[in-house]
Amino acid sequence: MKRPFVGTLALLMSSAAAPATAQGVFAAAPAAPSISLRPFVEVSNEKFLATRTFDAIFGETSARFWGGGLQVTVLRDRVYGEVGASRLLLKNAELVGQRVFISDGKVYKLGIPLRSTIAPLEISGGYRFHVHPLVVPYIGAGFGSYHYTEQSDFADAPENLDVTHRGGTFQAGVELRAHRWIGVAFDAKYTHVPGILGSSGASQQFAGDTQSSAQAKREKDLGGWAGRLKVVVGR
Amino acid sequence: MPDARARLAVAMLIAVSLVAFRGPLHGDQRYDDPPFLILPGVGLPAVNVGLMQDESHAPDAPEALHRVAIRAGLRGDDGARPAASFRPGRLIVKFRDEAPDVARLSALHDASTTGTIAERASHADFDVVHLSPDEDPVTAARLLMDRHGDVVEYAQPSYRMHTMFTPNDPYYASNQWNLPMIDLERAWDIQPAAGSSITVAVVDSGLAYQDAMIIANVPAFRDDQNRRYPPLGRINIPYSAARQVVSAAHPERIVAPHDFIWDGTSFATMPFDFDGHGTHVSGTIGQLTNDGEGTAGIAFNVKLMPVKVIDSVWDFLFGAPNEATDDVVARGVRYAADNGAKIINMSIGRDGPPAPVVEDAIKYAVGKGAFIAIAAGNGFEDGNPVEVVAEIASRVKGAVSVAAVDRARNHAFYSTAGPYVELAAPGGAIRGFGASGAVYQQTFNFDFTDTFLLPPAQYHAPRFDVMGYIPYSGTSMATPHVTGVAAILMQQGITDPAAIEDALEKTAIDLGVKGRDDQFGFGLIDARNAMFGLGLAK
């Protein structure tokens with residue numbers, strides 16, 4: 001999912017960049033207000049960093065999210081800040097898999113249902129490059145609060161998990177002004193969420209089993225790379 | 001009831017026929033009669049005497065020691081520990097595959113003046129060499145190994161094995177402390193099928209799985225105190241299945257039964273337990289459960305494969321051709337693996353020299369996908385010798401050696417300790433607890449079977465149709481706990497023997513010294529923890 005999206009994004013940026021350069025980079029849209037409040041909705045597809053762990057439990061390494069939030073642009077649309085919340089775009093907002101046993105790197109599925117939810121609440125901000133009146137690349141960074149729950153059949157209460165941890169996020173993308181009041185943004189987002197995975201369960205085992213310290217770090221990270229589509233309402 | 005009456009009528013008819021055409025049932029022996037005969041399916045259901053407070057099956061019980069001594073005496077042992085003894089006149093040799101017959105014979109004749117290679121038995125990748133009873137198989141084995149290593153992979157005497165207890169569902173709540181100790185109820189919640197797709201081989205003294213009438217000529221013998229027991233002559237012995245292990249409605253639970261003690265005879269497919277140990281062990285693994293009767297078993301839906309490799313006093317007196325030696329045990333293990341057993345219980349063992357033939361068999365079975373649980377031994381207070389078979393387990397991923405804990409989760413006083421101990425399970429102990437500290441399962445009422453423990457004047461024919469719920473203790477009793485949990489784990493999805501060992505060890509409750517130790521290994525098995533596995537983050 002990520003590659004077509006990134007390709008499209010690059011194509012859009014490159015096609016938009018040439019005329020924008022001719023017009024002068026950082027030229028704000030003439031009609032942009034100094035402050036704008038812009039609600040948005042989004043869908044994303046996230047490829048988790050803990051690929052072995054997610055694959056073992058859920059049989060897949062990515063998941064779709066949906067959400068929404070509010071974006072504020074200031075300084076004539078050059079700087080933005082936004083707050084957004086999202087949840088899994090799945091029935092009951094849950095990933096459903098099964099508990100496993102891992103021995104010598106091999107995964108044995110135990111048939112015990114396990115349900116996980118991931119609910120990020122993120123605050124980020126960044127800079128918008130007005131390279132063209134209709135094409136606005138942007139980059140940003142932020143932090144978030146990531147609420148994670150895990151429930152298994154046959155589990156006692158202490159064996160389930162309901163925790164919230166902080167993490168960081170970086171994004172880069174482009175907003176296409178489809179209409180005076182509507183923009184469509186595509187971006188790539190990286191999130192880093194330590195502290196939830198890696199201290200127990202399959203994630204701990206995979207993190208401990210791997211010879212690569214980079215892979216071990218990934219198996220302890222609930223974050224990942226996401227391709228995101230946002231529909232923004234506002235000028 | 002009509003069925004019972006019909007069976008009674010048939011039994012009486014046969015008995016009358018035998019009296020009429022074969023002479024008296026008791027009295028002088030008639031050596032032209034077949035010495036041993038089993039009439040399967042003939043007989044009545046067992047008389048169930050319920051829960052018994054028998055304390056004679058603890059490793060240190062006088063009756064247990066006497067039982068062992070009689071068995072040793074019947075074989076002509078000199079009173080040495082049975083584990084250290086071997087069967088005279090036999091040598092187990094594994095020739096190298098590439099060695100030609102000429103080289104094999106040449107090597108054999110160099111090492112032995114009387115050795116001849118017997119026809120290779122089934123389920124064996126080794127040969128048995130017959131020697132003169134006077135020739136020392138230890139010397140012959142050493143010569144073969146030292147001088148002909150290019151021809152011989154290993155050679156060893158035919159050492160004798162013995163069971164690891166040294167002879168000793170309303171009752172679940174009242175008496176079976178051992179099952180809650182491993183958190184079995186919550187494991188059953190997860191896996192209620194309890195192993196229905198798994199075949200467990202019990203490599204032991206057989207199983208009371210079928211009703212029968214047994215006809216035998218029992219000769220005179222002398223016990224370990226040199227007391228003469230008179231011949232019983234030709235006797236009819238009623239034999240009944242343990243109905244809490246094999247219900248009359250589902251005899252198909254028994255898969256590929258085989259008797260290596262009677263191998264080579266027409267009884268080889270009928271591994272009748274004349275000891276009670278194998279039936280007790282099988283009960284812990286798979287006693288019928290939740291049927292409102294008796295005790296519970298762990299993997300109560302498994303299919304059972306009784307593979308008899310351990311002989312009893314009665315087997316000897318009935319004229320069994322084989323003994324519980326290394327080669328017999330090795331063939332039993334291979335047979336179990338060849339016939340689809342996915343879990344093998346070995347509540348047996350010995351101390352003494354290594355057993356490469358058994359080690360090969362264990363590796364072979366694990367290689368075919370079978371997990372093996374092996375008793376760690378009961379010799380802690382008897383010099384704590386290294387248990388040869390259990391020690392093998394520690395070197396084979398997919399086979400585990402099992403120590404015993406008592407009712408208080410302490411190291412059981414008899415449980416052999418050593419670096420090869422990998423897991424612990426409830427084996428019980430009567431010392432300090434009484435009979436309630438032992439492990440209960442259905443097996444024979446020994447008042448009716450072990451009549452050879454009575455003084456000669458009171459000695460009489462046995463009956464194998466009176467069952468009770470009998471307390472045993474020993475690592476023999478601990479081992480089937482691991483076997484049963486392994487069967488459930490395999491049904492749950494952990495199909496590789498090494499992974500089952502891994503799961504049991506990683507989820508065990510650490511006891512004693514922190515980390516792995518010689519008394520408890522990695523700790524007390526926890527069925528539910530093993531079954532519950534791992535989540536994403538928890």
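How much area do chain A and chain B bury between them? In this predicted model, the two chains bury about 2300 Å² between them, and 59% of that area lies on carbon and sulfur atoms.

**The interface**

The contact draws 34 residues from chain A and 22 residues from chain B. Two salt bridges are counted between the chains. One of the residue pairs joined in this way is Arg186(B) with Asp156(A), whose side chains meet at 2.4 Å, N to O. Polar contacts across the interface of chain A and chain B number 15 residue pairs, with both residues at pLDDT 80 or more.

On the side of chain A that touches chain B, at least two residues each come from helix 2 (51-58), strand 4 (95-103), strand 5 (106-128), strand 6 (135-152) and helix 3 (201-209) of chain A. Strand 5 of chain A gives the largest share of this side, six residues. By residue type, the side of chain A that touches chain B comprises 18 nonpolar, nine polar and seven charged residues.

**Chain A and its helix 3**

Chain A contains four helices and nine strands. Their order along the sequence is α-β-α-β-β-β-β-β-β-β-α-α-β. Of its 235 residues, 46% count as buried. Among contacts in chain A with a separation of 6 or more, 67% are between residues 24 or more positions apart.

Helix 3 of chain A has these buried residues: Gly201(A), Ala202(A), Ser203(A), Gln205(A), Phe206(A) and Ala207(A). Within chain A they pack against helix 2, strand 4, strand 5 and helix 4 (213-219), and in chain B they pack against helix 15 (497-506).

**Helix 15 of chain B**

Why is helix 15 of chain B described as largely enclosed by the rest of the structure? Nine of its ten residues are buried, so the helix is largely enclosed. The buried residues are Pro497(B), Ala498(B), Ala499(B), Ile500(B), Glu501(B), Asp502(B), Ala503(B), Leu504(B) and Glu505(B).

**Nonpolar cores**

The largest nonpolar core has 152 residues, and Leu504(B) is among those with the most contacts inside it, together with Trp314(B), Ile344(B), Met346(B), Ile362(B), Ile372(B) and Val482(B). Helix 14 (residues 475-492) of chain B supplies the largest share of this core, nine residues. A second, separate core of 26 residues includes Phe65(A), Leu161(A), Ile196(A) and Leu534(B).

**Ala487(B)**

Is Ala487(B) buried or exposed? Ala487(B), found in helix 14 of chain B, is buried, because its relative accessible area is 0%, where buried means under 20%. The C-alpha atoms of Ala487(B) and Asp263(B) are separated by 28 Å, and the two residues lie 224 residues apart along the chain.

Methods
Residues are numbered from 1 along each chain as its sequence is written. Chains are lettered from A and ligands numbered from 1 in the order in which they are written. This is a predicted model: local features need pLDDT of at least 70, side-chain atom pairs count only at pLDDT 80 or more; totals for chains, interfaces and linings use all residues. Side-chain values use heavy atoms; hydrogens and water are left out. Contact means heavy atoms within 4.5 Å. Buried area is the accessible area (1.4 Å probe) that two parts lose on being put together, summed over both. A salt bridge is a side-chain nitrogen of Lys or Arg within 4 Å of a carboxyl oxygen of Asp or Glu. A polar contact is a pair of N or O atoms within 3.5 Å; within protein, one must be able to donate a hydrogen and the other to accept it, and residues adjacent in sequence count only if both atoms are side-chain atoms. Ala, Val, Leu, Ile, Met, Phe, Trp, Tyr, Cys and Pro count as nonpolar, Asp, Glu, Lys and Arg as charged, and the others, Gly among them, as polar. Buried means under 20% relative accessible area, exposed over 50%, partly exposed in between (1.4 Å probe, protein chains only). A nonpolar core is a set of buried Ala, Val, Leu, Ile, Met, Phe, Trp, Tyr and Cys residues joined through side-chain atoms within 4.5 Å.
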